[in-house]
Amino acid sequence: MPHVSLLYGDLTDEEKEEARKKVEELDKDIYGLEFEISELALYRTDTADKSLESWELVEVCHLETK
């Protein structure tokens, strides 16, 4: 399931909303932020491992701009 996690953990909807508000307070321009990605990393993960200690790096793909 490819995705980008900006916040990781078992959080309630209320905790996620509180985190979103804190980020917005720190930087009003965060929404609509655009950035280039220069590499992607693929990890083998155990979703039951909340410590992330079992995560294994499988491959890193360096992206080229055209």
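**Close-up views of charged and aromatic side chains**

**View 1. A salt bridge between Lys 50 and Asp 10.** Lys 50 is partly exposed, at a relative accessibility of 45%. The model shown here and in the other views is predicted. The side chain of Lys 50 forms a salt bridge with that of Asp 10, with an N to O distance of 3.6 Å. Asp 10 is exposed, with 62% relative accessible area, whereas Lys 50 counts as partly exposed. In total, the count for the structure is five salt bridges.

**View 2. Glu 18 and Lys 22 in helix α1.** The side chains of Glu 18 and Lys 22 meet in a salt bridge, and the N to O distance is 3.4 Å. The two residues are four apart in helix α1, which means that about one helical turn separates them. Both ends of the pair are partly accessible: Glu 18 counts as partly exposed at 45% relative accessibility, and Lys 22 is partly exposed with a relative accessible area of 47%.

**View 3. A network of salt bridges around Arg 20.** Salt bridges link Glu 17, Arg 20 and Glu 24 in a network. Within this group, the side chains of Arg 20 and Glu 24 meet at 3.7 Å, N to O. Arg 20 and Glu 24 are both in helix α1, where their spacing of four residues corresponds to about one turn of the helix. Are Arg 20 and Glu 24 buried or partly exposed? Arg 20 is partly exposed, with a relative accessible area of 31%. Glu 24 is also partly exposed, with a relative accessible area of 28%.

**View 4. Asp 49, a buried acidic residue without a salt bridge.** Asp 49 is found in the loop between β1 and β2. Asp 49 is buried but takes part in no salt bridge. How far away is the nearest side chain of opposite charge? That side chain belongs to Lys 50 and is 8.5 Å from Asp 49, whereas a salt bridge requires the nitrogen and the oxygen to lie within 4 Å. With neighbours within four places in sequence left aside, the contacts of Asp 49 are Tyr 8, Ser 54 and Trp 55. For the protein as a whole, 2% of the 66 residues count as buried.

**View 5. The aromatic pair Tyr 43 and Trp 55.** One aromatic pair is found in a search of the whole structure. The ring centres of Tyr 43 and Trp 55 are 6.2 Å apart and the ring planes stand at 50°, so the arrangement is tilted. Tyr 43 lies in strand β1 and Trp 55 in the loop between β1 and β2; the pair links distant parts of the chain, 12 residues apart. Tyr 43 is partly exposed, with a relative accessible area of 42%. Trp 55 is partly exposed as well, with a relative accessible area of 28%.

**View 6. Surroundings of Trp 55.** Trp 55 is placed in the loop between β1 and β2. Which residues does Trp 55 contact, leaving aside its neighbours within four places in sequence? They are Tyr 8, Tyr 43, Arg 44, Thr 45, Asp 46 and Asp 49. Tyr 8 is also in contact with Asp 49. Glu 25, 30 residues from Trp 55 in sequence, is 32 Å away in space, C-alpha to C-alpha.

**View 7. The setting of the close-ups in the whole chain.** The protein has one helix and two strands, and from the N terminus on these elements run α-β-β. The radius of gyration of the protein is 15 Å, whereas a compact globule of 66 residues would have one near 11 Å. Taken along the principal axes, the C-alpha atoms fill a box of roughly 40 × 35 × 15 Å. Of the contacts between residues at least 6 apart in sequence, 24% join residues at least 24 apart.

Key: Residues numbered from 1 in each chain as written. Predicted model: local features only at pLDDT ≥ 70, side-chain atom pairs only at ≥ 80, totals over all residues. Heavy atoms only, no water. Buried < 20%, exposed > 50% of the residue type's maximum accessible area, 1.4 Å probe, protein only. Lys, Arg positive; Asp, Glu negative; His and termini not counted. Contact = heavy atoms within 4.5 Å. Phe/Tyr/Trp six-rings, centres within 6.5 Å; stacked < 30°, edge-to-face > 60°. Rg over C-alpha atoms; globule rule 2.2 N^0.38 Å.
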